[in-house]
Amino acid sequence: MAEHRADAAEQRKSVVVVGSGFTGFECARSLARLLRRHDAPVDVTIISPIDYMLYTPLLPDVAGGVVDARFVTVPLAGTLKGVRAVRGHVDSVDLDARTLAFTDPERRSLSTSWDRLVLTPGSVTRLFDIPGLAENARGLKSTAEALYLRDHVLEQFELACLDGDGTQAQARRTIVVVGASYSGTELVAQLRALADAAASQMNFDPQSVRFVLLDLAKQVMPEVGEKLGESAMRVLRRRGIDVRLGTTLKEVHPDHVVLSDDSVIGTRTVAWVTGVTASPLIETLQLPTEKGRLKVQTDLQVPGHPDVFAAGDAAAVPDLTQPGKVTPPTAQHATRQGKTLAHNVAASLGYGTKKQYKHRNMGLVVDLGPRYAVANPLNVHLSGLPAKLVTRGYHLYAIPRLVNRWAVALAYLTDAVFARTVVSIGLSSEDDASFAAAEGIPMPRND
């Protein structure tokens, strides 16, 4: 009997999933379900710097004070049944030895082995060599960044009410958002709504709050098409947002920014929401990449490594609906790639057959603040209240946990009936919201 147990232990396989974003979370969850059906002797482990899956599309709502940060985090514990969750930042992978090294929250160096490796480390904010950017701007890739932006904006409004210097007060009431894609556009719209609520409750003129949205592109939100992009532009301008296309930052200082056209804007708040780039882990693998993303086959396998799979923001997944192109780094693709990953990893272990990743674009939804949104579900162009209903309905459907859906639905209802809560709680410091800290990159030890 003891010999039988030893043989069974030797036959057990291990699958390690790196990253708990949309792709890694969905892969681990779906894979565990598939393996349970076959009573397969396979252990599934997910390693991530955080112990939750972050529903990033609602971060603008967190920054705008609509949704609590807890509601957009789906805990790994209790949600991923049959999956071992390990808190750590993966530093390196040895493909030949089938091991990987990671750093835990106490900065201890640990390692683990694997029979199948799933690389879904996600992405980090794409930064450029702009003087002062990393020190004086903040992104929107984590709850820490979203909470910091909300608290910082409200604190600046409070300080502006006390500031006797009109120029300094105006700088405190000026918010610069860089990036007119859907994330940046949603952020500026939600911060505008937060500013209006703050002006009403703090008794200052809402028109004194200035918003500037910058982007080098020729159109706001090119992802949704020209028609909806123009509709969004009209809404932004109607709400007093100064949209400057073909323009970006040249320098960022603590109390002002210099734009690419050499104009100067006094501001204490700069949000950098210009896009993402693959996790730094990808560079350490020394494998072929495409625009920084790891090259994979249509079945999401890494070429030349049949036991290694990758998908999500960190992988250049071929788009079979548009030959020659790769799928964009969106939550929609990430979730569906996670399901395909699970299916193909299970198939590589002898449970089922592999399939190619192919997904038709279902459209995008963009929330533009109170009573307005734009959306193109199944290529049907919507704007205004109908788009608002579709947008919020989609998010409630897409969040992968009933408790979170319930909480977000109540937050939406509260926002529709009551004024937004205007309070700077101080849950996230300026250091917490720095680009490196917010993205879970461990800092060097001072030993």
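1. The crossing of helix α2 with helix α10 is right-handed. A crossing is given that hand when the near helix is turned clockwise from the far one by less than a right angle, and is left-handed when the turn is anticlockwise. The two helices, α2 (residues 22-37) and α10 (residues 331-348), pack at an angle of about 35°, and their axes are 7 Å apart. Axes here are lines fitted to C-alpha atoms, for helices over the stretch in contact, with angles running from 0 to 180 degrees between N-to-C directions. Helices (H or I, at least four residues) and strands (E, at least two) are DSSP runs, numbered from the N terminus.

2. A note on the basis of this text: the model is predicted, local features need pLDDT of at least 70, side-chain atom pairs count only at pLDDT 80 or more, and totals for chains, interfaces and linings use all residues. Residues are numbered from 1 along each chain as its sequence is written, and side-chain values use heavy atoms, with hydrogens and water left out.

3. On the α2 side, the contact with α10 is made by Phe22, Thr23, Glu26, Cys27, Ser30, Leu31 and Leu34. On the α10 side, the residues include Ala331, Ala334, Gly338, Leu341, Ala342, Val345 and Ala346. Contact means heavy atoms within 4.5 Å. By class, the contact of α2 with α10 has ten nonpolar, six polar and two charged residues. In this count Ala, Val, Leu, Ile, Met, Phe, Trp, Tyr, Cys and Pro are nonpolar, Asp, Glu, Lys and Arg are charged, and the others, Gly among them, are polar.

4. Helix α5 (residues 143-162) packs on helix α7 at an angle of about 35°, with the axes 11 Å apart. The crossing of α5 and α7 is right-handed. From α5, the contact takes in Leu149, Arg150, Val153, Leu154, Phe157 and Glu158, and from α7, Leu187, Leu191, Leu194, Ala195, Ala198 and Met202. The residues of the contact of α5 with α7 divide into ten nonpolar, no polar and two charged.

5. Gln156 is also in helix α5. Is Gln156 buried or exposed? Gln156 counts as buried because its relative accessibility is 5%; buried means under 20% relative accessible area, exposed over 50%, and partly exposed in between (1.4 Å probe, protein chains only). Leaving aside neighbours within four places in sequence, Gln156 is in contact with Arg172, Arg268 and Thr269.

6. Strand β12 (residues 210-215) is largely enclosed by the rest of the structure, because five of its six residues are buried. Strand β11 (residues 174-178) pairs with β12 in the parallel sense over five bridges; two strands pair if DSSP finds at least two bridges between them. Val177 has Leu213 of β12 as its bridge partner. β12 also pairs with strand β13 (residues 241-245), in the parallel sense and over five bridges. There, Leu214 has Arg244 of β13 as its bridge partner.

7. β11, helix α7 (residues 182-202) and β12 make a right-handed β-α-β unit. From β12 the chain crosses through helix α8 (residues 226-238) to β13, and this β-α-β crossover is right-handed. A crossover has that hand if, with the strands pointing away from the viewer, the path from the first strand over the helix to the second runs clockwise.

8. Leu245 is in strand β13. Leu245 counts as partly exposed because its relative accessibility is 26%. Beyond neighbours within four places in sequence, Leu245 is in contact with Asp215, Ala217, Lys218, Gln219, Val220 and Met233. Of these, Gln219 is 26 residues from Leu245 in sequence and 6.9 Å away in space, C-alpha to C-alpha.

9. Two loop residues have positive phi values. Most residues other than glycine have a negative phi. Arg98, in the loop between β6 (89-94) and β7 (99-103), has phi near 55°. Arg98 is partly exposed, with a relative accessible area of 30%. Lys291, in the loop between β19 (289-290) and β20 (293-295), also has phi near 55°. Lys291 is exposed, with a relative accessible area of 82%.

10. Asp319 lies in the loop between β23 (315-316) and α10. At 7% relative accessibility, Asp319 counts as buried. Apart from neighbours within four places in sequence, Asp319 is in contact with Lys325, Val326 and Thr327.
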